[in-house]
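Trainee: I'd like to learn how to read a model like this one, feature by feature. Can you walk me through it?

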Amino acid sequence: MRKAISSSMANHIRSSSGKEMLTYSYLLVYIALSSTQIFFNKWVLSSKEINFPYPLGLTLLHMVFSSVLCFVLTKLTKIIEVEKGMTFEIYTTSVFPIGAMFAVTLWLGNTAYLYISVSFAQMLKAIMPVAVFILGVAAGLEAMSCGMLLIMSVISFGVLVASYGEININWIGVVYQMGGVVGEALRLIFMEILAKRKGVKLNPISMMFYFREFHFCPCEQNLGSLCSAVCLFVPWIFLEMPRMESWTFQPFVLTLNSLCTFALNLSVFLVIQHTSALTIRVAGVVKDWVVVLLSAILFADTKLSMVNLFGYAIAIAGVAAYNNYKLKKEACEESPENYKLSTTGTASSPKSYSV
């Protein structure tokens with residue numbers, strides 16, 4: 001009897017250890033792919049070897065590539081099932097603006113790499129919670145409080161200090177990056193409205209499928225992706241296509257870059273499925289620091305100062321406080337029926353992970 005119990009406990013420990021190792025592997029893959037994608041995009045857009053200073057074209061290529069692979073996975077091989085529940089009204093009032101903001105965010109964020117360093121762009125992204133909170137208050141999704149005002153002030157102060165310490169600041173790049181931050185904040189607000197007020201819950205693959213496909217889906221399923229495509233395709237025709245006539249196409253590099261983008265999306269899907277909300281946020285902070293520090297080694301235009309790092313540390317501290325506040329708020333709002341902690345320590349919260 002004792003041998004059976006000991007054997008059962010040993011098997012349980014081995015199983016738990018295996019799951020933890022798998023979780024850590026997913027996190028490492030996510031951090032590696034996310035950092036690699038940022039560096040890869042910067043290199044493609046700014047290197048003389050590739051000579052591809054076309055952020056609109058690069059973003060459009062990513063969407064086309066991901067659309068084709070999403071179609072293969074969901075419609076041809078049916079490896080991944082696309083969740084149902086979409087209606088024409090939801091698409092026109094929620095998915096349409098989400099698709100538009102998604103396109104604008106990628107476009108402006110990639111354009112910023114032409115003017116500012118990767119590390120400085122990453123520092124400016126730390127202002128994201130402030131933009132999300134302000135827009136959330138305006139939309140009635142957030143409540144103004146002294147605690148949140150203090151957190152927002154800390155983040156803003158940190159970003160200002162980091163910007164003051166930037167040696168080679170380019171205000172055109174700052175405007176592009178801040179525009180991308182506002183676009184991403186609007187996208188998150190629209191997604192929260194979609195989840196809270198419409199009651200729709202989609203996993204990341206389903207969201208990517210609905211928002212990125214161009215013409216594979218019938219009728220209303222095409223609306224959100226059509227918006228994203230038009231938002232990129234129309235300005236690309238007027239702003240970049242005339243300048244690309246003399247460019248030599250390099251299929252290997254661009255295909256590899258697009259494949260990295262799709263792999264990153266899949267890694268996000270795996271991380272969301274196998275970790276908790278707290279783990280995801282911590283991994284995001286770790287990734288941000290990895291990008292900031294490694295960019296100083298990889299790119300000649302990156303020159304970090306102590307003022308940069310000090311300001312960014314202050315901003316990250318504010319972001320950590322914001323994440324802690326959001327986690328506690330989500331835990332309080334969830335009922336015991338749909339928010340529970342599994343034996344592996346992974347939270348299964350539809351609201352935290354579905355969108």
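This is a predicted model: local features need pLDDT of at least 70, side-chain atom pairs count only at pLDDT 80 or more; totals for chains, interfaces and linings use all residues.

**Reading the model**

Mentor: Start on the outside: Val-230, Val-234, Phe-238 and Leu-239 form a nonpolar patch on the surface, with about 390 Å² of accessible area together. Patches take residues with over 30% relative accessible area and no salt bridge; like charges are joined within 9 Å, nonpolar side chains (Val, Leu, Ile, Met, Phe, Trp, Tyr) within 5 Å. Accessible areas come from the Shrake-Rupley method with a 1.4 Å probe, and for residues only the protein chains shown count as cover.

Trainee: Is Phe-238 buried or exposed?

Mentor: The words have cut-offs: buried is under 20% relative accessible area, exposed is over 50%, and partly exposed is in between (1.4 Å probe, protein chains only). Phe-238 counts as exposed because its relative accessibility is 65%. This residue lies in helix 9 (residues 223–239). Across the chain, 49% of the 355 residues count as buried. The chain exposes about 17,500 Å², and carbon and sulfur atoms supply 70% of that.

Trainee: How many helices and strands does the chain have?

Mentor: Helices (H or I, at least four residues) and strands (E, at least two) are DSSP runs, numbered from the N terminus. Here you get 13 helices and 2 strands. Take helix 4 (residues 118–125), which is mostly covered, with 7 of its 8 residues buried. Among those buried residues are Phe-120, Met-123 and Leu-124.

Trainee: And how do I check a helix's length?

Mentor: The expected span is 1.5 Å times one less than the number of residues. Helix 5 (residues 128–139) has 12 residues and reaches 16 Å from first C-alpha to last, close to the 16 Å expected. Its buried residues include Met-128, Phe-133 and Gly-136. After helix 5 comes Gly-140, with a positive phi near 80°.

Trainee: Next, charges. How many salt bridges turn up in the whole structure?

Mentor: Side chains of opposite charge can pair when their charged atoms come close. The criterion is a side-chain nitrogen of Lys or Arg within 4 Å of a carboxyl oxygen of Asp or Glu. A search of the whole structure finds 2. In one of them, Arg-187 pairs with Glu-184, with the closest N and O atoms 2.7 Å apart. Lys-287 and Asp-288 also meet in a salt bridge, at 3.2 Å from N to O, and both of these residues are buried.

Trainee: Where do Arg-187 and Glu-184 lie?

Mentor: Both are in helix 7 (residues 171–196), 3 residues apart, about one turn of the helix. An α-helix has 3.6 residues a turn, so residues three or four places apart point the same way. Arg-187 is buried at 15% relative accessible area, and Glu-184 is buried at 17%.

Trainee: Which residues touch the most other members of the largest nonpolar core?

Mentor: A nonpolar core is a set of buried Ala, Val, Leu, Ile, Met, Phe, Trp, Tyr and Cys residues joined through side-chain atoms within 4.5 Å. The largest has 66 residues, and Val-44, Phe-52, Met-152 and Ile-155 touch the most other members. Helix 1 (residues 2–46) gives the most to this core, with 10 residues. Contact means heavy atoms within 4.5 Å. Leaving aside neighbours within four places in sequence, Val-44 is in contact with residues including Ile-50, Phe-52 and Val-253.

How values were computed. Residues are numbered from 1 along each chain as its sequence is written. Side-chain values use heavy atoms; hydrogens and water are left out.
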